[in-house]
Amino acid sequence: IGFVTQDDILFPHLTVKETLTYAARLRLPKVLTRQQKEKRAVDVIYELGLERCQDTMIGGSFVRGVSGGERKRVCIGNEIIINPSLLFLDEPTSGLDSTTALRTIQTLQDIAEVGKTVITTIHQPSSRLFHKFDKLILLGKGSLLYFGKASEAIVYFSSIGCSPLIAMNPAEFLLDLANGNLTDISVPSELEDKVQMENSETETGNGKPPPAVVHEYLVEAYESRVADTEKKKLMAPLPLDEELKSKVSSSKRQWGASWWQQYCILFCRGIKERKHDYFSWLRITQVLSTAIILGLLWWQSDSKTIRGRQDQAGLLFFIAVFWGFFPVFTAIFTFPQERAMLGKERAADMYRLSAYFLARTTSDLPLDLILPVLFLLVVYFMAGLRLSASHFFLSMLTVFLCIVAAQGLGLAIGATLMDLKRATTLASVTVMTFMLAGGYFVKKVPVFISWIRYMSFNYHTYKLLLKVQYQDIMPTVNGIKTDSGLKEVGALVAMIFGYRFLAYLSLRKMQLHCEA
């Protein structure tokens, strides 16, 4: 079974070909090779007429990409790639112009003609669209008003006295009936007699019966004339062999790839999707301009005097705060923004949650390392910090630990709340608290609240940066002993894994809640 949702849930920075190729590699059976899966994706591209835009990005609100009709066909391609015998679609033509809508329905008709069953809800189709349907279900207030051949719908309603008085789109005629509106539609004689027998107040001003009366009449007419015949057709037993029955009744999940393959595919997809955000000119300008301003303000600072060391301590604390604050508010958006995609792909059993989570969190790491390296290359040498390769790389490692720990906090908050406003509010309060407890503003913290600083990655990062700079030079700096720093490293590593484990549990809980 395939299901195409009304909203087009796709990654905006992937191309059409990449989107369908990743879907094929994750969803098609393990027995197929990678080359066979990729060939199936290419076949679907040509089947849906997407070959001209296969190397174009999907696009979104802020990214230019393919047209609305092409995006809808990509969504259909995502589902037919597994060759489903049954395809559901929720209003596939909503938001499309008449020509694009017709092309989309023509694609669905082509799929149906090769032996698939296509079931779609549709809202006010054009007459050309309507005539492409084989069967039609008309609902009014949840009740069945008609089920049968679409070409016979007008004939049926004419037989019960509801005929269009003027030439009109069959779909508009049927929707008017479903809503109880008999404007430009003949009133059945039975209904006229019924209305005349009732109080005249039940009639509307134009002499037409009210919608509730029309609805009741149509439901009764269907039940008495058509329902029994159609039910008998549907209840007729079909011969099924035991092998087919066992396949249909099998409740065991059939993954299209092993756990490791799922992880690798999702890792590559994550890097391709997010590299555009990470290396946008806005983000690069933000980081480099901050680094240059810091370098100018702390230009060749002197670590030999007390005043110079205090200035350098301020710089190191700002680095700890900046690379704690920045990743938290980037990571917060991760799971809330991908919630719809995660729900859709998990519902289709494309991958395990553990494979997705690990790929999602590790695919950020290579990208996260590049901007801090550029930042430190500028700040470190402009500010005249300790000129030694070992001290520079230890400072880089410290900043990287801080980034990954801060990212974990952002992931945990985002996954737990799944609401951007609440998550941003909680994150701002938490980061502000961690910054104040970071050991620079307040040296002597009351005992009953001193535990907060040990939860602060700013505090541990600040201490480590001081120890890297002044170890073997001074025994203490700003009241902090310049020892090996293993405790701080251990605390940051515990935060890296602890916060991520909390985020995973929150996602797992959300998934179980959705399944329930």
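Begin the tour of this predicted model by selecting strand β2, helix α4 (residues 98–113) and strand β3, which together make a right-handed β-α-β unit. Strand β2 covers residues 86–90 and strand β3 covers residues 117–121; the two run parallel and are joined by five bridges.

**The whole chain**

Now zoom out and display the entire protein. In this view there are 21 helices and seven strands. Along the principal axes, the C-alpha atoms fill a box of roughly 105 × 60 × 40 Å. The radius of gyration is 32 Å, whereas a compact globule of 516 residues would have a value near 24 Å. Of the 516 residues, 47% are buried.

**Salt bridges**

The whole structure contains 14 salt bridges. Three of them can be visited in turn.

Select K72 and D8. Their side chains meet in a salt bridge, with 3.0 Å from N to O. The pair links distant parts of the chain, since K72 lies in helix α3 (residues 68–80) and D8 lies in the loop between β1 (2–4) and α1 (16–27), 64 residues apart. Are the two partners buried or exposed? K72 is buried because its relative accessible area is 3%, under the limit of 20%. D8, at 29%, counts as partly exposed.

Move to E38 and R34, whose side chains form a salt bridge of 2.9 Å, N to O. Both belong to helix α2 (residues 34–47), and because they are four residues apart, about one helical turn separates them. E38 is partly exposed at 27% relative accessibility, and R34 is partly exposed at 47%.

Then select R360 and D364, another salt bridge, with 2.9 Å between N and O. R360 counts as buried at 7% relative accessibility, and D364 counts as buried at 5%.

With a relative accessible area of 34%, F279 is partly exposed, so it passes the requirement of over 30% for patch residues.

Methods. Residues are numbered from 1 along each chain as its sequence is written. This is a predicted model: local features need pLDDT of at least 70, side-chain atom pairs count only at pLDDT 80 or more; totals for chains, interfaces and linings use all residues. Side-chain values use heavy atoms; hydrogens and water are left out. Buried means under 20% relative accessible area, exposed over 50%, partly exposed in between (1.4 Å probe, protein chains only). Two strands pair if DSSP finds at least two bridges between them. A crossover is right-handed if, with the strands pointing away from the viewer, the path from the first strand over the helix to the second runs clockwise. The radius of gyration is taken over C-alpha atoms; the globule rule is 2.2 Å times the number of residues to the power 0.38. A salt bridge is a side-chain nitrogen of Lys or Arg within 4 Å of a carboxyl oxygen of Asp or Glu.
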